[in-house]
Amino acid sequence: MTDRDALFEYLLRLGDNTLVLGHRVSEWCGHAPVLEEDIALANTALDLIGQTQMWLGLAGDVEGEGRSADDFAMLRDVWDFRNLLLVEQPNGDFGQTMMRQCLFDAFHFDLLSGLAGSTDDRIAAIAAKALKEVTYHVDRSSETVIGLGDGTEESHRRMQAALDLLWPYVGEMFMPDAVDTALHEAGIAPDLPALRASFDTRIDEILRQATLVRPDNAYAHSGGKTGVRHSEHLGHLLTQMQWLQRAYPGAAW
Amino acid sequence: MTPDVALIWTWLDEVPDPEIPVISVVDLGIVRDVSWRDETLEIAVTPTYSGCPATSVIAMDIETALYDRGVRNVRIKTQIAPPWTTDWLSDKGRAKLRDYGIAPPSPAGGPDACPRCGSTDLSRVSQFGSTPCKAHWRCNTCLEPFDYFKCI
């Protein structure tokens with residue numbers, strides 16, 4: 001793998017994470033339990049899609065074959081996507097959506113903090129921009145997880161169930177492969193295993209306040225960010241997200 | 001003949017923000033640079049939030065305003081570093097926001113006072129408001145909800 005190939009692959013991971021999660025969160029538009037949460041979810045989705053445009057736009061520049069961010073989003077199929085398994089998991093109930101968001105935001109915040117110091121100026125600039133937005137995301141998702149976890153018997157039960165369901169998808173975020181290692185050694189990206197300690201500290205404190213119990217299970221599903229084995233859910237998501245381009249190829253307005 | 005850059009800044013200060021039309025794109029601090037490159041006027045614009053849908057409308061409004069002044073060759077350059085901060089809002093812009101009913105950003109992380117009645121007894125409804133750049137607050141004295149232009 002050349003340096004350019006590794007960089008391209010890494011940028012797809014960053015952009016596909018924000019794209020797939022952004023789409024998932026946008027599925028709530030018009031359906032959230034209360035208006036304020038509906039607006040907050042839509043705003044979060046908007047930030048993530050905006051970040052996607054920057055990451056996938058840069059991926060296209062690095063690849064040098066004239067593909068745009070829209071081309072990557074709309075004209076690839078499941079096996080080409082490089083997002084984490086966590087972000088493609090279905091919304092479930094509101095609590096499950098917020099638990100997924102909290103787990104991702106905690107990771108995303110530390111990742112972007114590291115990338116803001118990247119030796120690649122283009123990556124550092126996007127990360128610094130995105131970090132300002134993600135600071136608000138992690139504040140909100142952690143407050144919501146705490147509020148619902150330490151809420152009613154029903155909300156507590158649902159949040160614990162969401163945590164138990166999603167916990168096996170946490171490990172993939174911190175599992176480095178050849179791409180992550182190459183980028184870390186080049187000073188472009190932070191060391192993933194080193195981010196885990198900060199994540200654990202933050203999440204343990206959130207769970208403590210939320211009166212939730214961290215699952216005693218270190219098993220981690222993998223295969224999302226390498227594209228080797230996505231869960232069944234991504235294909236269904238793409239049928240909706242890419243519907244227009246599939247029904248009317250090349251449609252533009 | 002190419003108009004002076006200082007004059008162009010005054011023209012840009014008349015281009016309203018599409019979401020909050022009481023302030024200009026210059027008040028908002030998103031115009032980062034104006035310069036002539038030979039016969040082309042290059043304008044560096046920075047987005048407020050990365051997904052802000054107003055960004056493309058702003059670029060079009062700037063081009064239209066300059067076209068109306070006779071400037072035909074305009075190139076809008078998107079510049080993301082350094083990232084936009086609410087510190088770049090002009091004092092004039094802050095005052096206009098308050099008059100319009102939007103509490104301007106404050107380093108304290110929340111509004112100083114209700115933009116309608118001036119009360120400082122306030123509560124936050126949601127960190128996310130009607131646009132990406134605003135949070136939703138409520139005044140406990142006059143009971144009116146209001147937007148707060150949040151700090152980033």
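User: In β6(B), which residue is the bridge partner of B:Arg124?

Analyst: The model is a predicted one, in which local features need pLDDT of at least 70 and side-chain atom pairs count only at pLDDT 80 or more, while totals for chains, interfaces and linings use all residues. Residues are numbered from 1 along each chain as its sequence is written, and chains are lettered from A and ligands numbered from 1 in the order in which they are written. Strand β5(B) pairs with β6 (residues 134–139) of chain B in the antiparallel sense over four bridges; two strands pair if DSSP finds at least two bridges between them. Within β6(B), the partner of B:Arg124 is B:Trp137.

User: What pattern does chain B follow along the sequence?

Analyst: Helices (H or I, at least four residues) and strands (E, at least two) are DSSP runs, numbered from the N terminus. Chain B has three helices and seven strands. Read along the sequence, they give α-β-β-α-β-α-β-β-β-β.

User: How many residues of domain 2 of chain B are in contact with domain 1 of chain B?

Analyst: Chain B is divided into domain 1 (5–86) and domain 2 (101–149), with bounds from an automatic or database domain assignment. Their C-alpha centres lie 27 Å apart. Contact requires that the C-beta atoms of two residues, placed from the backbone, lie within 7 Å. Seven residues of domain 1 of chain B meet this condition with residues of domain 2 of chain B, and the number on the domain 2 side is six.

User: How are α5(A) and α7(A) oriented to each other?

Analyst: Helix α5 (residues 94–115) and helix α7 (residues 153–166) of chain A pack with their axes 9 Å apart, at an angle of about 50°. Axes are lines fitted to C-alpha atoms, for helices over the stretch in contact, and angles run from 0 to 180 degrees between N-to-C directions. Angles under 35 degrees count as roughly parallel, over 145 as roughly antiparallel, 65 to 115 as roughly perpendicular and the rest as oblique. The orientation of α5(A) and α7(A) is therefore oblique.
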